[in-house]
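Biologist: I am new to this structure. Could you walk me through some parts of it?

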Number of protein chains: 2
Amino acid sequence: MEGVDYLANERNKAEFDVDEMKIVWAGSRHSFDVSDRISKLVANDLGFSKEGRTMLPRKELFKNTLKKAAYAWKRIIDLRLSEEEATQLRRWVDEPAFTDLHWGMFIPAIKGQGTDKQQKKWLPLAHKMQIIGCYAQTELGHGSNVQGLETTATFDPQTDEFVIHSPTLTSSKWWPGGLGKVSTHAVVYARLITDGKDYGINGFIVQLRCLEDHKPLPGITVGDIGMKFGNGAYNTMDNGVLRFDHVRIPRDQMLMRVSQVTKEGKYVQSDIPRQLLYGTMVYVRQTIVADASIAMSRAVCIATRYSAVRRQFGSQNGGKETQVIDYKTQQNRLFPLLASAYAFRFVGEWLKWLYTDVTQRLQANDFSTLPEAHACTAGLKSLTTTATADGIEECRKLCGGHGYLCSSGLPELFAVYVPACTYEGDNVVLQLQVARFLMKTVSQLGSGKKPVGTIAYMGRIEHLMQCHSDVKQAKDWLKPSAILEAFEARAARMSVACAQNLIKFDNPEEGFAELAADLVEAAVAHCQLIVVSKFIEKLQQNIPGKGIKQQLEVLCGIYSLFLLHKHHGDFLGTGYITSKQASLANEQLRALYSQLRPNAISLVDAFNYTDHYLDSILGRYDGNVYPKLYEAAWKDPLNESDVADGFHDYIRPIIKQQMRTARL
Amino acid sequence: MEGVDYLANERNKAEFDVDEMKIVWAGSRHSFDVSDRISKLVANDLGFSKEGRTMLPRKELFKNTLKKAAYAWKRIIDLRLSEEEATQLRRWVDEPAFTDLHWGMFIPAIKGQGTDKQQKKWLPLAHKMQIIGCYAQTELGHGSNVQGLETTATFDPQTDEFVIHSPTLTSSKWWPGGLGKVSTHAVVYARLITDGKDYGINGFIVQLRCLEDHKPLPGITVGDIGMKFGNGAYNTMDNGVLRFDHVRIPRDQMLMRVSQVTKEGKYVQSDIPRQLLYGTMVYVRQTIVADASIAMSRAVCIATRYSAVRRQFGSQNGGKETQVIDYKTQQNRLFPLLASAYAFRFVGEWLKWLYTDVTQRLQANDFSTLPEAHACTAGLKSLTTTATADGIEECRKLCGGHGYLCSSGLPELFAVYVPACTYEGDNVVLQLQVARFLMKTVSQLGSGKKPVGTIAYMGRIEHLMQCHSDVKQAKDWLKPSAILEAFEARAARMSVACAQNLIKFDNPEEGFAELAADLVEAAVAHCQLIVVSKFIEKLQQNIPGKGIKQQLEVLCGIYSLFLLHKHHGDFLGTGYITSKQASLANEQLRALYSQLRPNAISLVDAFNYTDHYLDSILGRYDGNVYPKLYEAAWKDPLNESDVADGFHDYIRPIIKQQMRTARL
């Protein structure tokens, strides 16, 4: 970041303390310190260079990732990094690798589903990486429907072993990251069969490869499933295919915390409640929401900086053209995404608290809040990942033609991010789960059961069904109470409308299937309310620092009013606002864009991303875009020679009219 | 397409004559015949195989494309294909190449802007491909703002030459396809300077490379701009960068149809109206709309077939699970896209007629319909390309996890398609042009000037501002008149509302800038009306064939009612429909989904795409998805060996705890 800062002018305009905002974004001074230190350590280490990543053929790309992953592990050991620091390091290295699954899925699965004895045996091996593991759940034929998995684990009491087998082609394990070429072990999910009876899906630790020569063990067929979307992106990962031909494992490699099979082949449930497993799901989804805010902020950072650099039209008397960030159409697409990045950050922070709360309750055998927590995390995972995937592509388009170049960083970011809409629950399937919870809540409203947590507003259903917005002028829309009631009334009324339509069906399940699209919309309305309300709650906290609170208020207003405008049909259709009030919201939204404008660059600076992490010429901190784009072009392999490889065989014969004799 | 047809059941359900629909889709029996014959010719020729395209590194990928392009040219010559057939062949080869720009931009530019003498000199060379050309307009610093281009062409009367020069870094030509490594010539757009005066942007034919050894000529720096979004995709194209260092060309290489420079350096306008150039723009945009329907239909074909193959959940008593196409949430996302494909096809057909009409009028010096035609094509280009880009990604998501694999064909289709949102006019900039036309139309409403063509409805503004929907039950929404009036009233009222808000500003341009986001929405409403009305007009034609008209009516209903639902805020907010009527529309939409369902597979079969063209395992005609996915996986280079390249250096040291001594 040496040399001229072409965005200095923009930075000077900021009306708030950027350093303070960095801490708000990071969550705490400690988080900021660790993240700042480790991100710079990674950025300054050539071992983590991203150079050429989007140009490498698959095999070289993958080998390079293996090298980086090993180097990262070496640095973690050499620098004696803490667990927190090691996690940060992997995050800032910013390249999907088998280690993500080893640390993020394999170890947690053993921790969550293994007995104490199993944990004692396997976790030290995993922590030292003497074994490398992955999480083999999805199959060629089954993803969302976990209960439909076909792999079998049949108990053989003669040898005290399970026989793991892939009975059909569609039972092949398919997709698990780290499975294809690296993992020595996997937690494999399979139908437990003992004594001729099918007890459904359970987890088993299975060794896949020899620890000496890394060859697949007998009975195991394993490989990579092939190229995925994008350049670089997830092609650094060995998502794998795996088939078992009657592979035997000892009985004690079934993960037995929740249910066991005895030596005699008897299936026994432990007294540990199955609900405990949901705690893990809440945890994983909370991290996905946090990742959404990171991906969104990263795209927004690139698009915002480039929008300040790029000028087009509007030159008068030979002066400079207008910065594209000054166009309202650009602001109307970009600023709501900037606001979303902050909104998702705060709701993610709150989800961390929720996870702690749920965990404590589970330990005290209190399962009362679990359905609400489950619905809430499912819905927020869906909402934030969908918005982020769309938002990244919108940011790419906001960068015009140059956003289509890999050197903009946005194509790879999009390609690497979009699977989040599908994994850990397809986003539409998840909203249907939320809808089911909403319908249940509505149906119990008369029963005296009080809705809690994020669904508490349903307790005020009578008021919410009748009230009307009292907004009279544009600035009334700045009142948090006005916003909150609008989103509550809309969500409540959409849920109630669905419930009323459901009653018309004789068979409730048929009704649910038929009205599924409407139910998803009601669920989305509920989830948007959660994000808005958590943003408003954040603002009610004591937030020190010059101008910080004011900026967050502007962002919260933009996030809410943009949603209100986008979905104004819902607010109008449910009769909460009038057409006039909708126009006032729009007017206020435009005013907020103007307030945000001078702070835009500093608001993305507050994410504290290094140029290494952004890996985007358009998003460079110093704004020195054009010379660097020009330089980068010459690095393409096609430019190694002035005359293209293939000229003599394929171009010259055309120009020289020698096609009839050309050998092609 | 031999062997078992796993979708035979689906095909048997069809309630219409698929062969007849193929002709409707193609536009005529002749178009169908040519397209069917050539697409099969390409599919059966191994020279056009797409095998491995998404896995090749850039240099090999590009060389491969050169080979295919030469081979295609050889086939065109050997088979003595007509121009129509040659164009079809290039289309079905389905790989972006320099030939696209040579035939699609270089030759048309000379035809449109060259004098008869120039055409006589250059066109035969180009038609025989003795020279290969591209279209060098955009620069590093300027895309949308063509008038801001910086390259200069300064006339030197001493030598009767132009001096082409790149005075700044940002004046480097940037993006032109075919420029980087192949083109021997380019039409270069530059500021014409003569006698010390700047006459703005004009086109010049400039030779870039030696016709013998293909080396760049003196003063020319030319190369490829580097990797772009996606695997394969546009990386087969040598989008280029080009700089001139005082390159001299003879005066007669300025394209002089519309304006000339004399030997003495005098700038003269010919009596040929500049408006003629707009004809070309109408032509180019019409082809873009046609391409949108092709790309959309291709994605929809893949997603529809796979949705019929894929089953998930809903198994009862060990029976088969439910086909995902039977879920309303899937239908609600997929069927409107299927309907859009047909809608865009028909509006594209109509645009072809419009182009002919405009051309005839221009030849008769009638420019009266030009503003309307210009606004209409600009708006439709924007509307259809945005919807198609989003639609392809939606189709990819509708295929779940497997849609993320390159072998699904969807990632490459997305990556190769999205630039259409940016080139030939950024989609937002274009809608602002439409909005300007709409505001002008509204402001002239009292003046007696009668709006014509697609804006004719504004002539009934008084009625449209007051009327209300008379829909009383769901099926009333099936009446074309009900739909048409709804879309007209919405579009008219949104335009009028914008116009009324604009008046409040002292400076109209400031108002236009401030309200830009609202203006874009009004423009979109207008364009959606055009698509809906052209679909309805199509239905009023005599359409023979068993069940064809009924299917098209269902598709038209789905397209319209889905839009009405998506934008119901507009319809409610402008007061044309009530909340109850919006619900009825939704109810009718669901009913139409059920009517479409049994015909879904046959409706995508009607596109008549070969498996070669689709290049998608998920979209295979025979539905034999899983075995082929499994087979394809093993072709990845990573599977060449059981043990990964890199194991000894990067994995073994980890497992064996030898990190401290590992050399990384």
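Biologist: Is B:Gln118 buried or exposed?

Modeller: Keep in mind that this is a predicted model. The relative accessible area of B:Gln118 is 6%. Buried means under 20%. B:Gln118 is therefore buried.

Biologist: Which helix of chain B holds B:Gln118?

Modeller: Look at residues 116-127 of chain B. They form a helix, and B:Gln118 has its place there. The helix is H7.

Biologist: Which backbone oxygen does the side chain of B:Gln118 reach?

Modeller: B:Gln118 touches several residues beyond four places away in sequence, including B:Gln253, B:Met254, B:Leu255 and B:Met256. B:Asp252 is also touched. The side chain of B:Gln118 comes to 2.9 Å from a backbone oxygen, that of B:Asp252.

Biologist: Now the strands of chain B. How many residues of strand E2 are buried?

Modeller: Strand E2 of chain B covers residues 152-156. The strand has five residues and is mostly covered. The number buried is four.

Biologist: In which sense do E2(B) and E3(B) run, parallel or antiparallel?

Modeller: Strands of a sheet pair through backbone hydrogen bonds, in one sense or the other. Here five bridges join E2(B) to strand E3, residues 161-165 of chain B. One partner pair is B:Phe155 with B:Phe162 in E3(B). The two strands run antiparallel.

Biologist: Which residue in the hairpin of E2(B) and E3(B) takes a positive phi?

Modeller: Four residues lie between the two strands of this hairpin. The phi in question is near 60 degrees. It belongs to B:Asp160.

Biologist: What is the bridge partner of A:Lys173 in E8(A)?

Modeller: Strand E8 of chain A spans residues 240-244. Two bridges join E4(A) to E8(A), and these strands run antiparallel. In E8(A), A:Lys173 has as its partner A:Leu242.

Biologist: How many Å apart are the end C-alpha atoms of residues 480-656 of chain A?

Modeller: An unreviewed UniProt entry lists this stretch as "domain: Acyl-CoA oxidase C-terminal". The chain there is 72% helix and 0% strand. The distance between its end C-alpha atoms is 73 Å.

Definitions and conventions. Residues numbered from 1 in each chain as written. Chains lettered and ligands numbered in written order. Predicted model: local features only at pLDDT ≥ 70, side-chain atom pairs only at ≥ 80, totals over all residues. Heavy atoms only, no water. Buried < 20%, exposed > 50% of the residue type's maximum accessible area, 1.4 Å probe, protein only. Polar contact = N/O pair within 3.5 Å; in protein donor to acceptor, adjacent residues only side chain to side chain. Contact = heavy atoms within 4.5 Å. Pairing = 2+ DSSP bridges. UniProt positions renumbered as here; feature names shortened; annotations may be inferred.
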